[in-house]
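Keep the sequence and the 3D view open while reading.

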Amino acid sequence: MGAQGARSRALGVLRVRSRALAVALLPAAVAVVLLVGGATGHLTGAGWDAARWAVSACAVLVLLLAAAVAVVVARARPALSPTVEVDERSAPDLYRLVRDLADRLNVPAPSAIALTPDCDSWLEDRTHPAHAQGVPTAQTGPDVRAGGRGRKAPAAPVLVIGSPFLWWMRVAELRAVLAPVVAGTGPAAQPDIAAARRFVRGLDAAVALGGRTDLGPIRRAPLRVVGRVARLLLRGCGEHAALMERGVASAASERAQAVDYGLRIVAQEQVGLAYAGWDRLLTRVALPAWRMGRWPSRLDAGVVSALTELSRRDRLADGFTSRLGERPACDLLEEPGAMDEATSLLAARLFHGGPAGAGPDWAPVDWQQYPEEVVDRKWRTEASRLHRVLDDMGVRRPVGPTGPGGPTLSRVMEHLSQAGRADEGGGSHADGDDDGDGWGAMLAAGISAEVAREEAATPAAAGGETSAPPWGTDPLPLLPLQPPRTGRDLLADHVTAMVCCSAVDTAGAVPGLDWLDGPALIVDGRRRADLGGHVLSLVEEGDPEPLRAWLAALGVRPEKPVRLV
């Protein structure tokens, strides 16, 4: 399916609109016939008079409903994709590359460029009148756009580029990847396709407006009725719209084959590699920082380190690092650091739900400060929470010469090993925990409850929003990275943190950062990645011996108190 197929499907969408209009006008047409018949003396009598009143009333109601639907569809603001706008003054070389690409493809150039913290690129129409009413096309705070000035909505689609592509890809690779995307501006300028897209976006916005719960009952009731009608229309034209977009993509791909086709095949490999590294960086590196109230301010620069490390470890990616000698696409930006910081903050908002700006409890962190500001603080916070829950459970601290001692790893190991022995011998159990029974399960449940209370009281957990974001009314985070952790997972994390604190305080280990796995324990300059299995033996089986042997090999003193926050 090419451009002609896309246009025919667009006409199918418009036919649904025309049929809806015809259905809305049908009662009015019947009412006009009845009224004219009565006025000319042809349709007289009590029955015809009753029919005239009934049909006229029905026609008025249908027209009012149709007018309400039309007004809402026309005025409802379609949601914008969360992006950071790139002003032309801050990236003249990037704009020049995109316009040269559009000239080679013989299509209109995108009206603007924006960055998204994701591994994807697309065209977005921002011509809706509501988008021109003082709403910035990019917003991650008061104003994070490069130019810092509001402007009217563009008349042509905006090119949205995944920010990881700019930092990982070379200039030629980025041009090859963007070729089929930029080629989509040609079909977007076709009047029928543009009209069909506006209609579908309006229906989608009307459905979303009808589902809002932050409005009063007086406004919510009629909007729900309008939303149901819009949903019915959207269902009727959904297949046509999907096939239209498929045809547009097919036409754009065919047009782009003449531009860097061979290089695009190689560049697509980099897209897959970038996605893998970006996902690991977010889930293993950024997420722990976000949970600690810190957001890495150079995520896009970090993805280069993560992908370089992935290339080193994965033989399938071997040779990709040889490209790093070529000019990176981020050189097309005048201030790549400022753009990286803006997209990093936006990523934190989308994937975690952080506030719109930095603050005392939501501060940026550089990669050099990550081990101290995030890793060490994370370990000591979790170790402190672990001992606090043990105190609440009545687990006594080891007694020293001067009374109860400080928080030690031995206390944790002894409690969990006793829990394992009690479980084997049919000892004391706790009911109602999905992760298992016994003292270990009680500890896991206590940690889960403590974590839930702290997250509920954290401003970042609420998103810090005082008004609806410009991309819609959905609560933040829009795209959470991970499902809620189980009690056993939290317990294992907290025991691991306690072990790391003990290793740092008694054996000279230091906190570190692994680009693919996140927080790491560094001993004698080497990362120790073999701790997880020993901790699981203690947590899941109540067997402390593998962990004791590991601690003894490193010279860790589990009986020594550790420093907590």
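## Helices and a sheet

Start with α7, residues 191-210. Its 20 residues, at 1.5 Å a residue, should span 28 Å, and the end C-alpha atoms lie 29 Å apart, so the two agree. The model is a predicted one. Most of α7 is covered, with 14 of its 20 residues buried. Q190 caps the N-terminal end of α7. There, a side-chain oxygen of Q190 sits 2.8 Å from the backbone nitrogen of D192.

Helix α2, residues 46-75, passes the same kind of check. With 30 residues at 1.5 Å each, α2 should span 44 Å; its end C-alpha atoms are 43 Å apart, which agrees.

Buried residues in α2 are R52, S56, A59, V69, V72 and V73. Their cover includes α1 (3-39), α7 and α8 (217-256).

Now the sheet. Three strands form an open sheet in the order β9-β10-β11, paired antiparallel. β9 (510-514) and β11 (526-527) are the edge strands; each has a single partner, so one side of each lacks a neighbour in the sheet. β9 and β10 (residues 518-523) run antiparallel and are joined by five bridges. Across this pair, G512 stands opposite A520 of β10.

Which helix lies across β9 and β10? Helix α12, residues 370-392, does, running at about 110 degrees to β9.

Terms used
Residues are numbered from 1 along each chain as its sequence is written. This is a predicted model: local features need pLDDT of at least 70, side-chain atom pairs count only at pLDDT 80 or more; totals for chains, interfaces and linings use all residues. Side-chain values use heavy atoms; hydrogens and water are left out. Two strands pair if DSSP finds at least two bridges between them. Helices (H or I, at least four residues) and strands (E, at least two) are DSSP runs, numbered from the N terminus. Contact means heavy atoms within 4.5 Å. Axes are lines fitted to C-alpha atoms, for helices over the stretch in contact, and angles run from 0 to 180 degrees between N-to-C directions. The expected span of a helix is 1.5 Å times one less than its number of residues. Buried means under 20% relative accessible area, exposed over 50%, partly exposed in between (1.4 Å probe, protein chains only). A polar contact is a pair of N or O atoms within 3.5 Å; within protein, one must be able to donate a hydrogen and the other to accept it, and residues adjacent in sequence count only if both atoms are side-chain atoms.
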